[in-house]
Structures are given as C-alpha cells and as structure tokens.
Amino acid sequence: MYPKTREIITKKRLEQVYPGVTLGFLTQEAEAFYAMGKAAVLPFEEQMTMDKRFDVASLTKVVCTTTVLLRLWEQGEICWDEPLRRYLPEFADESITLRHLLTHTSALRTWIPNRDQLNGAELRQAYLKMHAEADLGETVLYTDAGTILLGFMLEALYQQDVITVFQEQVLDPLGMYHSGFLPELSERKEIVPTEKTSTGVLRGVTHDPKARVLGPHAGNAGLFSDLGDLARFSRMYLQHGVSASGEQFLQEATIAELLQDQTPLKNGNRSLGWDLRPGKSDCPALFHTGYTGTFLLLDVAAQEAMIFLSNRLHPTDEREAYLKERDEIIACYQKERGVKS
C-alpha cells in the first residue's frame with residue numbers, strides 16, 4: 001500500500017534521519033502495517049518489530065487530553081468559550097478560554113525562569129501563574145502550556161491524577177491495552193529508546209522534560225503506545241466515533257465539528273487540539289505530530305489514515321533534517337492518494 005511513500009522512507013531516509021519506523025496505512029477497505037530498520041543502535045542494535053512501543057510525545061495531546069475534553073463537552077460538563085479559571089480556580093488569568101488553549105491562540109507568556117531546576121510542584125505553580133499577552137486570540141502559536149493547564153483542569157474535575165483519567169476514559173474503553181504512562185522497569189525493554197543523555201540512553205523514560213518532571217500530572221506528553229493501538233484510535237475517528245467494540249465513543253457530530261476551523265478568528269487553520277491539513281475532498285484532514293518523530297494524519301471524510309512512528313531522536317536529535325524529510329514523506333503520501341496541494 002502506498003509504495004512510493006514507503007520507498008521514500010526506506011531508500012532515502014532510513015538510517016540517515018532515523019534508525020527505524022513502524023508505519024500504518026488505513027483505508028475504508030483495508031489496512032497495512034510495516035516495520036522497517038532498527039529499533040535501537042545503542043548500546044547494541046535491535047531490529048524494529050511492529051509490536052514495539054514508542055514515546056509518542058505530543059500525540060498525547062490529541063489521543064488523550066483532547067479526547068477526554070471532547071467527551072466532557074458532549075456531556076455538557078464544559079464549554080469551549082468559558083474561561084479556564086471557571087474549572088481551575090487556581091489559574092491566575094481570567095481571560096483565557098478552553099478554546100484558546102486547544103487552538104493554540106492563548107498568547108500565553110510561557111517563559112519560566114530556571115525551569116529545569118524546578119520540581120513537579122514548583123513547575124505546576126509556575127504554569128498556574130501564566131497569563132496572556134496582548135494578542136490573545138489573534139494568532140496561532142503552538143505551545144505545550146495549553147495542554148499542561150488542561151491536564152491540571154481534568155485533575156480538578158475528576159479528582160484523580162491525569163494519567164489515571166486518560167487510562168479510564170480513553171485507553172481502556174478503546175481497548176488500547178498496549179498503551180500507558182510511566183512504564184515499569186520490566187516493560188522498558190519493549191520500548192524503543194530515544195535520546196542519548198549524559199547518564200545514558202533514555203528508554204521507557206519520558207523524553208519531554210516538562211512531562212518528565214510533572215510525572216502523573218502531565219497532559220502534554222508521556223504516552224507510550226504502539227502501531228496497533230494507534231490504529232484502533234485512528235479507526236474510531238474514521239468510523240465517525242464508533243470504536244472497535246461497536247460503542248459510539250464520540251458522537252458523529254463531534255467528529256464533524258472537529259473538521260472545522262475552531263480558532264476564535266476562524267483563520268488559524270486549527271481545530272480543537274488538531275491541526276488541519278488538506279483532505280481528499282472539501283473536508284480537511286486532522287493532523288498532529290510528536291517531537292520524538294511521530295505523527296498521525298486522519299482523513300475522516302475519505303476514511304483514510306497514516307500512522308508514522310519513528311525513533312528519530314535515537315541516538316541524537318537532528319531536528320531540522322527530520323522536519324524536512326517528514327514534510328516530504330507527507331507530501332508524497334498526499335499526492336499518492338490524490339490530494340491536491
């Protein structure tokens with residue numbers, strides 16, 4: 001399936017930009033999964049297999065945080081245009097809404113002095129003190145701060161650690177049993193390693209430094225998942241909210257709403273949690289990336305999806321080279337399936 005896209009990944013990019021990849025294509029009629037290259041090169045080489053789990057980084061935002069919020073919205077528990085402070089009274093700013101945070105239009109002043117020296121409680125307090133700049137709602141500027149704050153809000157609403165909320169509200173109901181947070185030592189050998197640090201190679205340890213410090217309270221990153229589980233998640237979207245078990249997990253109208261620009265000025269080309277990319281029809285596709293070398297592209301109207309999981313941080317971070325290659329891979333996939341640029 002999509003041989004030109006696979007050729008780009010295998011012939012030109014593999015081992016130059018990332019050691020290995022697991023790749024999934026979904027269509028209305030079929031699905032195809034592939035494992036390519038190496039899962040690890042340090043401290044020794046391991047071949048990639050389709051059951052390997054990855055630190056999917058910011059895919060946590062759409063798989064977990066956004067999904068829980070959508071279900072709360074369907075239940076009438078939250079409103080997108082209400083201030084975050086209504087649901088999280090500890091938050092200082094009264095002007096920033098849930099929509100601002102989900103569409104990255106919050107204009108948050110995100111610089112935290114000595115951030116890397118703070119513990120979890122101190123980092124939480126720093127986020128709660130953030131406030132919007134003058135251009136609130138006027139521009140799209142991607143930041144982790146929004147989903148970190150929304151994670152704190154979910155903890156206030158559910159009175160549980162946010163990773164417990166994600167497990168109970170998303171992963172378990174969707175049958176994503178190979179996905180989770182804060183893996184035990186015994187699980188880490190099945191997880192693809194990321195970056196080499198001064199203390200060794202990270203394996204089964206959250207790469208994002210903020211999420212690593214926040215631990216069970218991080219809504220921006222920290223999910224470990226595999227190709228099969230992300231296919232289950234993606235298929236639910238392609239089936240207009242119906243899960244593999246036949247449950248209407250998200251309402252069809254909710255999925256339809258996500259295919260609209262949700263920014264306050266209607267010109268940001270972003271939905272709630274998701275980026276919007278060209279789709280096969282007049283409807284856009286949903287798109288999101290993860291810093292560790294992952295992305296999802298879900299074309300709901302066409303019932304087609306691409307799942308890309310790489311270990312591009314292993315053993316070093318070559319971000320600019322990866323971004324160039326990633327954009328070429330996506331462009332090839334879009335062209336191969338007949339999407340007009």
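## Close-up views of a predicted model

**View 1. Pro43 lies in the loop between β2 (31-40) and β3 (46-47), where strands are DSSP runs of E with at least two residues and helices are runs of H or I with at least four, numbered from the N terminus.** The peptide bond that leads from Leu42 to Pro43 is cis, with omega near -5°. This is a predicted model, in which local features need pLDDT of at least 70 and side-chain atom pairs count only at pLDDT 80 or more, while totals for chains, interfaces and linings use all residues. Residues are numbered from 1 along each chain as its sequence is written, and side-chain values use heavy atoms, with hydrogens and water left out.

**View 2. Pro315 lies in the loop between β11 (304-310) and α11 (319-336).** His314 and Pro315 are joined by a cis peptide bond, with omega about 0°. Most peptide bonds are trans.

**View 3. Ser225 has its place in strand β7 (residues 224-225).** Because its relative accessibility is 0%, Ser225 counts as buried, a term that means under 20% relative accessible area, with exposed over 50% and partly exposed in between (1.4 Å probe, protein chains only).

**View 4. His104 lies in the loop between α4 (98-102) and α5 (120-128).** Although His104 is not a glycine, it has a positive phi of about 60°, and His104 is buried, with a relative accessible area of 5%.

**View 5. Tyr2 is found in the segment before α1 (3-13).** Tyr2, which is not a glycine, has a positive phi of about 50°, and this residue is buried at a relative accessible area of 11%.
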